[in-house]
Amino acid sequence: MSSVARKIRREQDRTIGLVPTMGALHEGHLSLVREARRMCDVVVVSVFVNPTQFGPGEDFEHYPRDLTKDTALLTDYNVDYIFAPPAEEVYPRGFSTYVTVEGLSDQLEGASRPGHFRGVTTIVSILLNVVRPDFTFFGQKDAQQALIIKRLVRDLAFDTEIIILPTVREDSGLAMSSRNLYLSPEERQAAPVIHHALAKAKEAFKDGERSGHRLTEIVRTMIEAEPRARVDYVNVSDAETLEKTDKLDDRPTLITVAVFFGKTRLIDNTMLNSAKKKEGVGNGSR
Ligand SMILES: Nc1ncnc2c1ncn2[C@@H]1O[C@H](COP(=O)(O)OP(=O)(O)OP(=O)(O)O)[C@@H](O)[C@H]1O
Ligand SMILES: [Mg+2]
């Protein structure tokens, strides 16, 4: 165990908050850090570009890394520990134990990126075991990930409460993402179409549209009208089970999208019927 991990272990009598990240920090990450700082005595931010959640041919090698800049940002937020372990420490030679949340991990992002969530649930399990946080913070931008992590924590009885916070957006509506750094100026100008398309579907829902198929088409048509965008998927599903829904009712429903701009793949989502269960706010699963 690294010296940082050992120091964190000595804090176990205080309330610990963990914010797992892959670095290249932006306002989305910082919103999680701010909430962790508000709720916890000790704030740990992990910065680890996790190799096991990238597929072959994905952007692991090119993923933006700037630990110096990240450290400066986190220092401004009075973060207590930055946990940025080397890959060999997380995955020692002979590493062979993986954690999989079945079912939920196979759809949507999981279908487009086979093995992705197995990597995510494995690294999160390791981080939870090392840090032993009371609260662990994730963003609603990665809605499927949020559901999977909640399931993981419940099923394997991890002693932490998962807090999900709303998606932070640029003024243009574009969801903040480290991968936005890959976009050319033209692509960046085009990318807010994702949010606009989701907003249009939400509006149609408010006006009474209850067909999952037609809501999907509204989103797809608007995104495809942007020549720089290529839709990977648009999906309307039950916000808890992720099962595809065609006839919407008053249950919380999630519209999720993944869109390519050149080689850059961006995701976003919006929640329908979230009034009772406020969008993006964590419901504890301890
Ligand atoms: N715009 C955002 N608003 C709120 N939370 C976010 C946002 N973007 C990322 N997060 C959250 O930050 C945490 C770390 O995510 P990660 O480091 O993968 O950043 P990212 O911006 O999603 O990067 P990438 O786009 O490359 O996947 C996750 O819980 C993720 O949901
Ligand atoms: Mg991410």
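Predicted model: local features only at pLDDT ≥ 70, side-chain atom pairs only at ≥ 80, totals over all residues.
Residues are numbered from 1 along each chain as its sequence is written, chains are lettered from A and ligands numbered from 1 in the order in which they are written, and side-chain values use heavy atoms, with hydrogens and water left out.

**Stop one: H9 and H10**

Select residues 193–206 for H9 and 212–224 for H10. Helices here are DSSP runs of H or I, at least four residues, numbered from the N terminus. The two axes come within 9 Å and cross at roughly 150 degrees (axes are lines fitted to C-alpha atoms over the stretch in contact; angles run from 0 to 180 degrees between N-to-C directions). H9 and H10 are therefore roughly antiparallel (over 145 degrees).

Now show side chains. Among the H9 residues that meet H10 are Val 193, His 196, Lys 200 and Phe 205. Leu 215, Ile 218, Val 219, Met 222 and Ile 223 face them from H10. Contact means heavy atoms within 4.5 Å.

**Stop two: H6 and H7**

Move to residues 116–131, helix H6, and residues 143–155, helix H7. Their axes come within 11 Å and cross at roughly 50 degrees.

Pick out Phe 117, Val 120 and Leu 128, which are among the H6 residues in the contact. On H7, include Gln 144, Ile 148 and Leu 152.

**Stop three: ligand 1**

Centre on ligand 1. It is surrounded by 20 residues (a heavy atom within 4 Å). The closest are His 26, Tyr 63, Lys 141, Asp 142 and Ser 177.

Finish with the polar contacts (pairs of N or O atoms within 3.5 Å):

- Ser 177: a polar side-chain atom lies 2.3 Å from a ligand 1 oxygen atom.
- Met 22: a polar backbone atom is 2.9 Å from an oxygen atom of ligand 1.
- Gly 139: a backbone N or O atom lies 3.0 Å from an oxygen atom of ligand 1.

Technical notes
Helix = DSSP H or I, 4+ residues; strand = E, 2+ residues; numbered from the N terminus. Polar contact = N/O pair within 3.5 Å; in protein donor to acceptor, adjacent residues only side chain to side chain. Parallel < 35°, antiparallel > 145°, perpendicular 65-115°, else oblique.
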